[in-house]
There are 2 protein chains.
Amino acid sequence: MAAPGPLSLNTITVKSLTLSQAAEACARHGIPAICPWRDVVQAAGLANAVRAIRDAGLAVSGLCRGGMFPASDAAGRAAAIEENRRAIAEAHALGAACLVMVVGGLPAGSRDLPGARKMVRDGIAAILEDARAAGVVLALEPLHPMTCADRSVLSTVDQALDLCDEFGDGTGVAIDCYHVWWDPALDKAISRAGQRVKAFHICDWLVPTADLVFDRGMPGDGVIDIAGIWAKLQAAGYAGAVECEILSNRWWKEDPGHVLRVVCERYASVF
Amino acid sequence: MAAPGPLSLNTITVKSLTLSQAAEACARHGIPAICPWRDVVQAAGLANAVRAIRDAGLAVSGLCRGGMFPASDAAGRAAAIEENRRAIAEAHALGAACLVMVVGGLPAGSRDLPGARKMVRDGIAAILEDARAAGVVLALEPLHPMTCADRSVLSTVDQALDLCDEFGDGTGVAIDCYHVWWDPALDKAISRAGQRVKAFHICDWLVPTADLVFDRGMPGDGVIDIAGIWAKLQAAGYAGAVECEILSNRWWKEDPGHVLRVVCERYASVF
């Protein structure tokens with residue numbers, strides 16, 4: 001089996017930690033990269049966040065997250081675009097490999113899926129020049145179809161690549177195996193993506209799954225062939241990090257040090 | 001808006017009723033068709049089930065369900081194939097418009113998704129001649145990707161159509177809007193399907209959704225553009241029933257007569 005890319009910690013995996021604590025914990029556990037969420041960065045202050053990550057000697061595999069473009073009215077959509085511009089500036093300051101884009105679901109009360117998808121396209125178009133100017137790649141992340149109503153009308157890698165085809169330079173794809181493992185078109189889509197893959201996230205699909213958002217599994221505890229997906233990504237030319245992102249009511253109850261030990265063990269065993 | 005096809009009651013919507021009770025309730029509520037589950041048919045006895053449905057003057061839009069092919073060992077797969085042969089015989093006896101096929105998920109403990117898909121193809125191949133001989137169409141039903149691990153490795157309409165292309169006569173597709181509404185390729189897939197659509201099921205996607213299996217909504221209570229999907233199906237040549245199938249811990253607590261009144265009201269209002 002081909003060696004995986006360097007491990008990165010998505011901070012939501014240990015969400016009780018501050019950014020400084022998470023960065024220090026990464027250094028202590030030998031995790032060479034981090035992907036912070038914006039709320040954690042903002043709680044620290046951007047300059048402090050940059051310093052804490054640099055002091056810990058970490059690469060930044062991404063910033064979570066931009067997107068959330070659809071809204072019921074023009075003011076809401078404009079506010080989302082402004083928020084994305086701030087996210088781009090933060091990603092630039094952090095030296096992030098990409099800004100992870102969770103594009104958003106249907107506006108409240110709406111059944112207009114094509115309309116929401118158009119709001120996403122319009123939103124990306126509005127921020128693309130800012131992203132290019134800042135040297136920040138917008139990594140469009142397809143989310144599991146069970147999140148289509150409330151989080152992401154972008155559901156498949158092919159759909160993300162259609163947007164990349166449309167927008168070109170400055171766009172790419174973030175592939176989270178949890179969201180796309182089921183897709184019968186996944187292998188072909190990864191080949192199609194080639195070097196446009198800008199991030200790879202891992203966690204696992206548990207059987208049974210008790211919650212649509214907060215019951216992701218530790219890699220190895222579920223049914224996803226993570227190594228198989230990694231092999232496809234590597235064959236397509238991906239050479240970036242393997243980012244462990246686990247939203248889990250079960251793991252959030254554990255001591256963060258224990259969680260990070262298990263993350264490192266599983267990183268060593270699932271590939 | 002084009003008028004919808006005739007309403008059919010999937011018996012799991014009122015799962016506390018026997019088949020006779022469900023058939024009589026359909027007649028009383030002016031519902032012209034029914035789709036029974038096999039356990040309900042077997043509890044009544046096949047001959048009694050045939051008689052109860054005939055006495056109530058109902059068409060049979062389908063029989064739920066065949067499939068569930070993947071298994072950990074050859075004996076398990078052979079048993080599944082035999083079970084499907086019995087389901088075909090029952091569908092024939094009932095004069096069902098199709099046998100709805102929920103193909104099955106990963107075998108217990110397996111991460112081999114291509115392997116499970118091959119078991120599904122092998123299973124269909126094994127029963128196809130029986131289905132053709134009985135004049136029973138196998139309606140392959142893509143299930144929502146959140147069921148991929150434990151219920152259906154068949155996740156999209158296009159994937160179902162690939163199987164139809166492979167197997168031809170005797171196969172078709174069952175489209176449940178709950179399972180496929182999110183799919184960016186849905187419109188094209190329905191056009192591709194044409195008259196191979198053999199069943200149309202309705203219920204709704206609730207926001208939030210509390211359970212991956214048993215929290216489906218009454219049509220109109222969620223975000224699915226049911227009328228829009230119906231229009232696409234009709235344009236593709238579908239002229240069959242509109243079957244209301246609601247697996248819901250919330251609605252199962254209600255009086256079945258009340259549930260059926262609401263089903264009829266929503267059938268009249270969502271299209």
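# Strands, interface and salt bridges

User: What makes strand 7 and strand 8 of chain B a pair?

Analyst: In this predicted model, four bridges join strand 7 (residues 171-176) of chain B to strand 8 of chain B. Pairing takes at least two bridges, so these strands count as a pair. They run parallel, and Ala174(B) stands opposite Ala199(B) in strand 8 of chain B.

User: How many bridges join strand 8 of chain B to strand 9 of chain B?

Analyst: Two bridges join strand 8 of chain B to strand 9 (residues 242-244) of chain B. The requirement is at least two, so this is also a pair. The strands run parallel, with His201(B) opposite Glu243(B) in strand 9 of chain B. Together with helix 9 (residues 226-235) of chain B, strands 8 and 9 of chain B make a right-handed β-α-β unit.

User: Why is strand 8 of chain B called largely enclosed?

Analyst: Strand 8 spans residues 197-202 of chain B, and five of its six residues are buried, so the rest of the structure largely encloses it.

User: Why does His179(B) count as buried?

Analyst: His179(B) has 3% relative accessibility. Buried means under 20%, so His179(B) is buried. The residue is found in helix 7 (residues 177-180) of chain B. Beyond its neighbours within four places in sequence, His179(B) is in contact with Glu141(B), Pro142(B), Leu143(B), His144(B), Pro145(B) and Arg216(B).

User: What makes the approach of His144(B) to His179(B) a polar contact?

Analyst: The backbone nitrogen of His144(B) lies 2.9 Å from a polar atom of the side chain of His179(B). The limit is 3.5 Å, so the distance meets it.

User: How do you know that chain B and chain A form an interface, and what is its size?

Analyst: 29 residues of chain B are in contact with 29 residues of chain A. The two chains bury about 2200 Å² between them, 68% of it on carbon and sulfur atoms. In chain B, Arg111(B), Trp182(B) and Leu212(B) lose the most area to chain A, together 26% of what that side buries. Six residue pairs are in polar contact across the interface, and the count of salt bridges between chain B and chain A is zero.

User: Why is the pair Lys118(A) and Asp122(A) called a salt bridge?

Analyst: The closest N and O atoms of Lys118(A) and Asp122(A) are 2.8 Å apart. The cut-off is 4 Å, so the pair qualifies. Both residues lie in helix 5 (residues 113-134) of chain A, four residues apart, about one turn of the helix. At 43%, Lys118(A) is partly exposed, as is Asp122(A) at 40%.

User: What makes Lys232(B) and Asp187(B) a salt bridge, and which parts of chain B does it tie together?

Analyst: Their closest N and O atoms are 3.7 Å apart, and the limit is 4 Å, so the pair counts. Lys232(B) lies in helix 9 of chain B and Asp187(B) in helix 8 (residues 186-193) of chain B, so the pair ties together parts that are 45 residues apart in sequence.

User: Which residues are linked with Asp162(A) in a network of salt bridges?

Analyst: Asp158(A), Asp165(A), Arg192(A) and Arg196(A) are linked with Asp162(A) in the network. Within it, Asp162(A) forms a salt bridge with Arg192(A), the closest N and O atoms being 2.7 Å apart. That pair links distant parts of the chain: Asp162(A) is in helix 6 (residues 157-167) of chain A and Arg192(A) in helix 8 (residues 186-193) of chain A, 30 residues apart.

Technical notes
Residues numbered from 1 in each chain as written. Chains lettered and ligands numbered in written order. Predicted model: local features only at pLDDT ≥ 70, side-chain atom pairs only at ≥ 80, totals over all residues. Heavy atoms only, no water. Buried < 20%, exposed > 50% of the residue type's maximum accessible area, 1.4 Å probe, protein only. Right-handed = clockwise from strand over helix to strand, strands pointing away. Contact = heavy atoms within 4.5 Å. Buried area = accessible area lost by both parts, 1.4 Å probe. Salt bridge = Lys/Arg side-chain N within 4 Å of Asp/Glu carboxyl O. Polar contact = N/O pair within 3.5 Å; in protein donor to acceptor, adjacent residues only side chain to side chain.
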